[in-house]
Amino acid sequence: MDNLFSVFDYTLEESRELIENITSIHNDQKLQGFFSNIGMSSGDYLNFQMPDNLVVVGDLHGDFTSLEKIMNKINYEDYLKTESNILILLGDYIDRGNYSMEVLLFLCCIKSSFPNNMFMLRGNHEAYHRFPFSAFDFLRDLQNKFDDSGKTLYTNTMVPFFDSLSGICEIKGFSLLVHGGLPVVEDIEFFRNYKFKLSDMKSDDGLLEEILWNDPREFTGRDWQASNRGLGKYFGINITKNWLNHTNTKLIIRGHEPCMGYKFNHDNKVMTLFSSKDPYPKFESSYLEISKKQMEALELTLDIKEFVHGI
Ligand SMILES: [Mn+2]
């Protein structure tokens, strides 16, 4: 794909145009319901029937090399030609690495060619304007790259783009995918219409914060505890069991924590995937590629590690 390398040469105007175009694709999809035979969305909530194949990419954090390697390994242009093959990214595209903007532009190029089967979830780094934290470099990066216009690009183009990203994805009968983790839900009534609740996170700051910031922890005797991150919570196995039961899914797939490519929590019901390498020399990076047959046959969720590939 020509775009693969040319994203390094995008002007401010070309970047703005591409990202605004993708923002309007996202916003249209959020409103329109069904966008393919197997996919529908409602606001922040994205829902698929089991796809023929599924690829999931974890945090990238400005690591263009890892993104490029994964896209080459899955042969993404052929892969995405089939609309029932899905590619989902778990968020945190920016900060820490050197190529935040290039990662975003490349992803936007893919989205523009394959709008109905490539989806970017939102990470906590894509919500700095909602939940500020210290390690946010992206605005400074933009100012270094585009001078004063970088600030305008951030405010007028990037913030609406980040707000247009989906918060959570359900793959029917298989998995819930989020960036951070499962929100602690104390009122069981929530699950009666959880799809509706998840579709509108703008009016529920707490829900969005937890989806973007939570981490799984192995507790005994309690459901959750405040997070050392200062935002979000640590959620225990009871929360995971509750969500899996009520949504009739087998596995939570999330990113957010650096690890040796992947790790499991909560009796292997929560899988963390991490796909960034350059900014994290002590850790490994990987991605998941699994077919419909394999998803259907999956019994012990630990077995899914067979389908995780190192980069
Ligand atoms: Mn994160």
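Predicted model: local features only at pLDDT ≥ 70, side-chain atom pairs only at ≥ 80, totals over all residues.
Student: Okay, and where does Asn248 sit?
Tutor: Asn248 isn't a glycine, yet its phi is positive, about 55°. Helices (DSSP runs of H or I, at least four residues) and strands (E runs, at least two) are numbered from the N terminus. Asn248 is in the loop between helix H10 (237-247) and S12.

Student: What about Asn75: which loop is that one in?
Tutor: Asn75 also has a positive phi, near 55°, and isn't a glycine either. With 10 C-beta neighbours inside 10 Å, Asn75 counts as exposed. Its place is the loop between H3 and H4.

Student: Why are the buried residues of H3 on the same side?
Tutor: Look at helix H3 (residues 64-74), where Phe64, Ser66, Leu67, Ile70 and Met71 are buried. They lie on the same side of H3 because, judged by the directions from the helix axis to the C-beta atoms, they cover an arc of only 165°.

Student: Which elements do those buried residues of H3 pack against?
Tutor: Packing here goes by contacts, meaning C-beta atoms within 7 Å. For the buried residues of H3, the partners are strand S4 (53-57), helix H4 (76-81), helix H5 (100-113) and strand S15 (286-291).

Student: In the sheet of eight strands, which strands are the edges?
Tutor: Two strands pair if DSSP finds at least two bridges between them. This open sheet has mixed pairing and the order S1-S2-S3-S7-S8-S12-S14-S13. Pairing on one side only marks its edge strands, S1 (33-34) and S13 (262-265).

Student: Follow Ile253 for me: what is its bridge partner in S14?
Tutor: Ile253 belongs to strand S12 (residues 251-254); Ile253 and Leu251 point one way, Ile252 and Arg254 the other, and all are buried. S12 pairs in the parallel sense with S8 (residues 175-178) over four bridges, and there Ile253 partners Leu177. S12 is also parallel to S14 (residues 270-273), over three bridges. In S14, the bridge partner of Ile253 is Met271.

Student: And the sheet of five strands: by how much are its neighbouring strands turned on average?
Tutor: That open sheet runs S6-S5-S4-S15-S16 with mixed pairing, and its edge strands are S6 (118-120) and S16 (308-310). Within it, five bridges join S4 to the parallel strand S5 (residues 85-89), with Val57 opposite Leu89.

Student: Which residues have the most contacts inside the largest nonpolar core?
Tutor: A nonpolar core is a set of buried Ala, Val, Leu, Ile, Met, Phe, Trp, Tyr and Cys residues joined through C-beta atoms within 7 Å. H5 gives the most to this one, with eight residues. Val56 touches residues including Leu177, Ile253 and Tyr287. Among the 82 residues of the core, those with the most contacts are Val56 and Leu121.

Conventions
Residues numbered from 1 in each chain as written. Buried ≥ 20, exposed ≤ 12 C-beta atoms within 10 Å, placed from the backbone. Contact = placed C-beta atoms within 7 Å. Lists of a residue's contacts leave out its neighbours within four places in sequence.
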